[in-house]
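I opened my notebook to look up how the parts of this protein chain pack against one another. The entries below follow the order in which I checked things.

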Amino acid sequence: MHRTLLIAALLAPTIAGGQDAPKPVILESVPRANALVSKTASELALAVDRYASDQTALNRRYDANESPAQRQRMREFYNAWRTRLTEVDFDKLSHEGRVDYVLIDNYLIHQNALLDRDHKLRAEAAPLLPFQDRLLSLQDSRRDLKSIDQAALARVLADAARQVDSLRALFEPAPVARGADSGRARATPPKVTRTVANRAADDLDAVRRIMQGWYRFYDGYDPLFSWWTRDPFRKLDSAMVRYGRTLRERVVGLRPQDIAQNTGPIIGDPIGADGLKEDLRFEMIPYAPEELIAIAEKEYAFSLSEVKKASRDMGFGDNWKAAMEKVKDTYVEPGKQPDMIRDLARQADEFFDQHDWVTIPPLAREDWRMEMMAAERQRVSPFFLGGESIIVSYPTAEMTDEEKLQSMRGNNPHFSHATVFHELNPGHHLQGFMQQRYNSHRGLFRTPFWGEGNALYWEMFLWDTGKFHVSPEDRIGALFWRMHRSARIIFSLNFHLGKMTPEQAVQFLVDTVGFERANADGEVRRSFGGQYSPLYQAAYMLGGLQLRALYKELVVSKKMTDREFHDAVLQGGAMPITMVRARLENQPLTRNGAQPWRFDTQLPPPIPFTRR
């Protein structure tokens, strides 16, 4: 179909009612015809989509994560795709095609590096889980639809149960020896760190879940299977529960209530200098961790100077912590937080309506939702979250009085003033909205340096206007987060370098940012709990600073307008910011990527607050 006819066909349902037909409000969000035609196209977009679909299929097929077959199949998959990429004539690709080539090759290299890292971690925990591969292979055999030998399976389960119990007994207090046993030497338990024991306990839980699914497939449907395996499986399942509890209590040092409530010592699993080097390579950031920490310390010094200025405006002199305590006590009463979040979201929309900075389609203002966060989740996410929905963190009925007060103080209106738009528009919600509509194939390359960095960039951008955070209380709220993001770089990189413990990180947030202790604990627990990649917390400010440097190159220099720049970042899709720069500046690319970018040498100085 001719392009003009195609566009007419797409728009036909909206105009078919005739001139006298009532016009639905929804038509205001329908883009103009020229907006339905892609201005750029990558020849590799379909290939990236194909890769993502194949990867999803393999992850679904090999669902015994970390099994021998899964590890081997995924490495074969990554290597096969890299081989196919070498067959592409790179020089004949458009610039958008070259961008995707570099992105997917970089992604594949990193996936193999992660397999290598996992191999090392698995070797560390192997003395505690010598049965792991054998049990996971049972699920692989089930997925291969192999016929089973019920009696042989019963022996495998029984042997594994005895091995689990024997290992557990090594970590339990020695029983009182009697008779002939009194002179017999007791075997010693494997010598492992708390970190390795905690990782092994988590892996044990994963093995147990996989085994439960494996057992349910056969139980009751195969009478001989149930006859042979029901008793040994129950013994194995019970043995794994007891062993996991022993590892967490006797080696990691958690109390039973800590295990149940996700409290107690924060363990974490640092990846070390080599791990950071690889992750920074993947993010195309040519810096050593120590250099990034120095950048964060410089940013923190600016925020500290500004928060003292706001403190003086509030009448507290340089005692900024006293001023921050005053700000925390402005919290709204229980039940009123959703109204406050709604009002702040609308205020941000109205502020952006006054300027020509970025495109926020009417539908993007209409389709976000609000949900409340459960008490359990607030232990690791003490502040609200956002994206498709904004998830509000505020006290629930089951919290203790102390937890309720710290939650309200940590989510006060002035702290929230600086971050509601971070979660909604033009932050995470607008990012997701645009990603679904432009270059959606690049969702595979999502990185917190783009996602969190872009949302943090808007916080700095609005600060620079001098017109959004006008009151000293709102400025303290904005600076709380800015100091927080600097501190995240410092404590997270130092943790992974082995220079800071989680307990020291909690105290660091209390001392340098003014966190409530419970919120600092939740923040650090979230950072090191395994749900986020090692560089995730550092990515907020570092990604924001990269975009800030790129803004100077392209907008301050008058090569692009504000709207052109911000729309191009959002519509280009997720990727390391170095590749955003290469894409927008049409830089030459090779198969190895773009030229290294030392963004801090091009950063504009942070702008002190002055009334404008």
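**Entry 1: terms before looking.** I take contact to mean heavy atoms within 4.5 Å. Helices (H or I, at least four residues) are DSSP runs, numbered from the N terminus. I also note that this is a predicted model, in which local features need pLDDT of at least 70 and side-chain atom pairs count only at pLDDT 80 or more, while totals for chains, interfaces and linings use all residues. Residues are numbered from 1 along each chain as its sequence is written, and side-chain values use heavy atoms, with hydrogens and water left out.

**Entry 2: H12 and H21.** I looked up which residues meet here, and found Trp320, Ala323, Met324 and Val327 in H12 against Glu473, Ile476, Phe480 and Met483 in H21. By class, these residues divide into seven nonpolar, no polar and one charged, where Ala, Val, Leu, Ile, Met, Phe, Trp, Tyr, Cys and Pro count as nonpolar, Asp, Glu, Lys and Arg as charged, and the others, Gly among them, as polar. Helix H12 (residues 320–328) and helix H21 (residues 472–496) have axes 10 Å apart and pack at an angle of about 110°. Such axes are lines fitted to C-alpha atoms, for helices over the stretch in contact, and the angles run from 0 to 180 degrees between N-to-C directions. Angles under 35 degrees count as roughly parallel, over 145 as roughly antiparallel, 65 to 115 as roughly perpendicular and the rest as oblique. H12 and H21 are therefore roughly perpendicular to each other.

**Entry 3: H2 and H3.** I then turned to helix H2 (residues 45–61) and helix H3 (residues 68–86), whose axes come within 11 Å and cross at roughly 170°. That makes H2 roughly antiparallel to H3. On the H2 side the contact is made by Ala47, Arg50, Tyr51, Asp54, Gln55, Leu58 and Asn59, and on the H3 side by Arg73, Met74, Phe77, Tyr78 and Trp81. This contact has seven nonpolar, two polar and three charged residues. In the loop between H2 and H3 I found Glu66, whose phi is near 75°, a positive value in a residue other than glycine. I wrote beside it that most residues other than glycine have a negative phi, and most peptide bonds are trans.

**Entry 4: the cores.** Which residues have the most contacts inside the largest nonpolar core? They are Tyr51, Phe565 and Met579, in a core of 122 residues. Helix H24 (residues 536–556) gives the most to this core, with 13 residues. A second, separate core of 38 residues includes Leu128, Leu129, Ala239 and Val251. A nonpolar core is a set of buried Ala, Val, Leu, Ile, Met, Phe, Trp, Tyr and Cys residues joined through side-chain atoms within 4.5 Å, and buried means under 20% relative accessible area, exposed over 50%, partly exposed in between (1.4 Å probe, protein chains only). Leaving aside its neighbours within four places in sequence, Met579 is in contact with Val99, Val102, Leu103, Met284, Leu589 and Ala594.

**Entry 5: H19.** I checked how covered helix H19 (residues 428–435) is, and seven of its eight residues are buried. The buried residues of H19 pack against helix H14 (362–366), helix H18 (420–423), helix H20 (448–465) and helix H25 (562–572). In the loop between H18 and H19 lies Pro426, which is joined to Asn425 by a cis peptide bond with omega of about 10°.

Entry 6: Is Glu278 buried or exposed? At 17% relative accessibility, Glu278 counts as buried, and its place is in helix H10 (residues 272–282). A polar contact (a pair of N or O atoms within 3.5 Å; within protein, one must be able to donate a hydrogen and the other to accept it, and residues adjacent in sequence count only if both atoms are side-chain atoms) of 2.7 Å joins the side chains of Glu278 and His110. Asp600, in the segment after helix H26 (577–584), is partly exposed, with a relative accessible area of 29%. The side chain of Asp600 makes a polar contact of 2.5 Å with the side chain of Tyr287. The C-alpha atoms of Asp600 and Ile295 are 305 residues apart along the chain, and they are separated by 7.8 Å.

Terms used. Helix = DSSP H or I, 4+ residues; strand = E, 2+ residues; numbered from the N terminus.
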